[in-house]
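Open the model in your viewer and keep the selection tool at hand. Each stop says what to select and what to look for.

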Amino acid sequence: MEKKNMTITDKIRHIATAVVFGGIILLFGIGALIAPDREYSVFERRKLEQMPVYAECEDLASYFSAWETYLTDQFLWRDELRFLKSGFAHGVLRQYDVNGYYSEQGSQAQLLYPMNDENFTANVELMEDIRQQYFANSAAYYGVIPDKSYYMDAPLGLDYDKIHSLFGAKLQAKKIPLAENLTLADYYATDIHWKQESLQKVYNAFGTVMNPYLPAWQFETKTAGSFYGVLYGQAAMPAKKDEMCYLTNQAMEGYKVTLLNIAMDGSVTESEEMLYDLEAFAGDDAYDLYLGGENPMIRIVNPNATTEKKLVLFRDSFGRSIAPLLAEGYSEIVLVDLRWIRSIALPLFAEYLSGDQNTDVLFLYSAQVLNSMMLG
Amino acid sequence: MLFSSTVFPYWFLPLVLFLYFLTPNKGKNYLLLLASLFFYFTGDPKYTLLLIASAIVNYLLALAMAGFPKFKKPLLVLTVVLNIGTLIFFKFSDLWIGTLNGFLGTQWKPFPLPLGISFYTFQAMSYTIDVYRGQAKLQKNPFAFATYLCLFPQLIAGPIVRYTDVEAELEHRTHSLEGFSDGVCRFSVGLAKKVLLANNFGFICNLFRQAEAPSALFGWLYAISFTLQIYFDFAGYSDMAIGLGKIFGFRFPENFNYPYISSSITEFWRRWHMTLSGWFKDYVYIPLGGSRVSLPRWMLNLLIVWALTGLWHGSGTGIMNFVLWGALYGVLLCMEKLFLGKVWKKHRPLGHIFVILVTIFGFVLFGADGLAGTVSDLAILFGKGGFADPEALYYWRSYGLLLLIAIVGATPLPKLVWKKLQDRAGVATAILQPLLVGAAILLSTAYLVDSTFNPFLYFRF
């Protein structure tokens, strides 16, 4: 009798195992074939592999390999599966980071390690070259925006003392103290960027070190909406949505924002851009709210400025959110993004970059960008 | 195509299973042959013809041995020369082409190693040698022989299945729900070993290789991780192969039996890559006289076999590392036969520690980039880059639990617990088993979807 019961139990076990295995395989296998292909993954911020074309492949082996990548990229519930992996690695295996991303104190961040000395050195030397070439007679400043892990007790991270020593040794510019004027709460939880509305202390530091004409912090806070930042999809960890705000005041309403473009004949043309672009906020990258997103050359003119001072701001995406605030203390700000324009192309914009004693030049970069790439 | 890709379990396997169970018994071998050739073709299109040629040549030579008994011996020699010659031709092509380039001033490129050539060549030789010895019946059907040689579950990374292991099943095999379910379990366990454990350890090994000046702590993390990676990579693949075999009605030999619990090197090699050691024992060691010879000759036999084992694993310019790795085991086995074995018998824990240390140092030699790389890796283990660094401490902490899980997983403990559970609470396992299989498949899929292409280590050999 006992043996018979065992047999039934075994039978149930075998049937259930076969059904579970078959069910999963068929669900994902058939589901992936039925589901339409996606061109782009917003979560991963990258293009997904499309169905391979044999003529575009080097040989048969690379053709089959491309099929594997394509089917993996287009796998059913890819994003959800990535969250499952991340949840398992963090929650069960207790791994601190997964693919270099981690979460601490309710905030997500990327592990920036090891420090890329070569990139840092090259970037600072480029800044000094630009300063000497265009702004020898201008007051020069620099600010390094710490990555979030600076405030998160991350076990591995960048060596900020070393970074500031490097700047001090190679760039003839005054330091704007940023690290001590920021906290983790001043960054979005699911994004790498700082919050514009949290920059009062930073703003004051700019006023103290760089520009006495910068008026006191008087802005009205408006809400653009809630969003998931770039870290959310890449870390694939559950988190609450962030809220993005932007600051306005009466002075800002008079600003004229233009993109500087090179025409076919080599001349510079200007096209209008918005200070805060709510349509761009609804796109893939919410931070594009500020000055409409990534553009190599942007000019903000403040017609009601009480000073003739001009600021040339070499910056990354962080600069787009602080520039509207700084503009009140200048007649004009020219924003240069050396990630999108080579320094050898700068002479084309000579009239906008010309530096005199009435010009401030500011190199404002996040440590993350300085570590990960060589600018211009 | 790899077992641990999304393509294999989600598209290739279900399609083959569907067609296989739809096909009448007489046609099943043909279907498996076609599926296996397609499987190989997607992984190594250029060398599919070489695989087919190997099947044809070995089939014909065995046929000739049976047809012309007077020429059996020269035909056997021809078989061995052709098989080993092909293996040497490809495995050491960068050595001999490099030498030729040196002499002739040419710029010829070495041939890439055909996928799984070390495995299918040894399988083919097991057939022809067994036919010569009269230990295997001649297979008259060329397609049945080709099915054996090309069978996709074990084609590219073993276990080395001998013809006699599956001789009967090639003619007639039974398929059952139990076999399917057991096969699915084994496949899922193997997939999880490869994807959840081996790949993670591979990641740590890469981190070590990228570190500028790793400390001893990092070096030991690497050495332990690599030791675990190799085991779970290869044992995982063997599990998947054995599981797939069961699904299709074959019973493949076991390849690993918890090697890291061994308390002597002799025991280790009875538990590690058992089909390879068995192959060398039956086709090289015993014909050389085995242990039934004078003591010096016995030691020489052991050294020959282990140098060959090292050679089998190696290819290309890093061959010396593999020869030394094999020779290291040869020397240690000789020492165990002479005196060390008695010490380990009296002090098993000491023997166990010795095996673990030898395995770790052996795999450092195995994984290093040439002899200079070995010296450098060993120097790191002994503190060339300092005792500890923040990076090493971080990764020890971050991967500590995974290491612990893997170490426990490399012992028979999980299997014992499962067996106890089955004996005492069979109903619970009836629920638990499908849940665990589902979890293993889903988690492995999640890791696969998130990762890029991740080849098996053993494809190099």
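Select B:Phe3 and B:Phe8: both are buried, meaning under 20% relative accessible area, while exposed is over 50% and partly exposed lies in between (1.4 Å probe, protein chains only). This is a predicted model, where local features need pLDDT of at least 70, side-chain atom pairs count only at pLDDT 80 or more, and totals for chains, interfaces and linings use all residues; side-chain values use heavy atoms, with hydrogens and water left out. Residues are numbered from 1 along each chain as its sequence is written, with chains lettered from A and ligands numbered from 1 in the order in which they are written.

**Aromatic pairs**

Over all chains, the structure holds 101 aromatic pairs. Rings of Phe, Tyr and Trp (its six-membered ring) pair if their centres lie within 6.5 Å; planes under 30 degrees apart are stacked, over 60 edge-to-face, and the rest tilted. The ring centres of B:Phe3 and B:Phe8 are 4.6 Å apart and their planes stand at 40°, so this pair is tilted.

Next, select B:Tyr59 and B:Phe145. They form a tilted pair, 6.4 Å centre to centre with 35° between the planes. B:Tyr59 belongs to helix α3 (residues 48-67) of chain B and B:Phe145 to helix α7 (residues 142-150) of chain B, 86 residues apart. Helices (H or I, at least four residues) and strands (E, at least two) are DSSP runs, numbered from the N terminus. B:Tyr59 and B:Phe145 are buried.

**Charges over rings**

Which ring lies under the charged end of B:Lys72? Select B:Tyr132: the charged end sits over its ring, 5.2 Å from the centre. Then try B:Lys91, whose charged end sits over the ring of B:Trp312, 5.8 Å from its centre. Here, "over" puts NZ of Lys or CZ of Arg within 6 Å of the ring centre and within 35 degrees of the ring normal.

**Two crossing helices**

Select helix α11 (residues 216-247) of chain B and helix α16 (residues 348-367) of chain B. Their axes come within 9 Å and cross at roughly 85°. Axes are lines fitted to C-alpha atoms, for helices over the stretch in contact, and angles run from 0 to 180 degrees between N-to-C directions.

**Chain A**

Move to A:Pro36, in the loop between α1 (2-34) and β1 (40-41) of chain A. A:Pro36 is exposed, with a relative accessible area of 70%.

Zoom out. Chain A has 12 helices and 14 strands. Of its 376 residues, 55% are buried.
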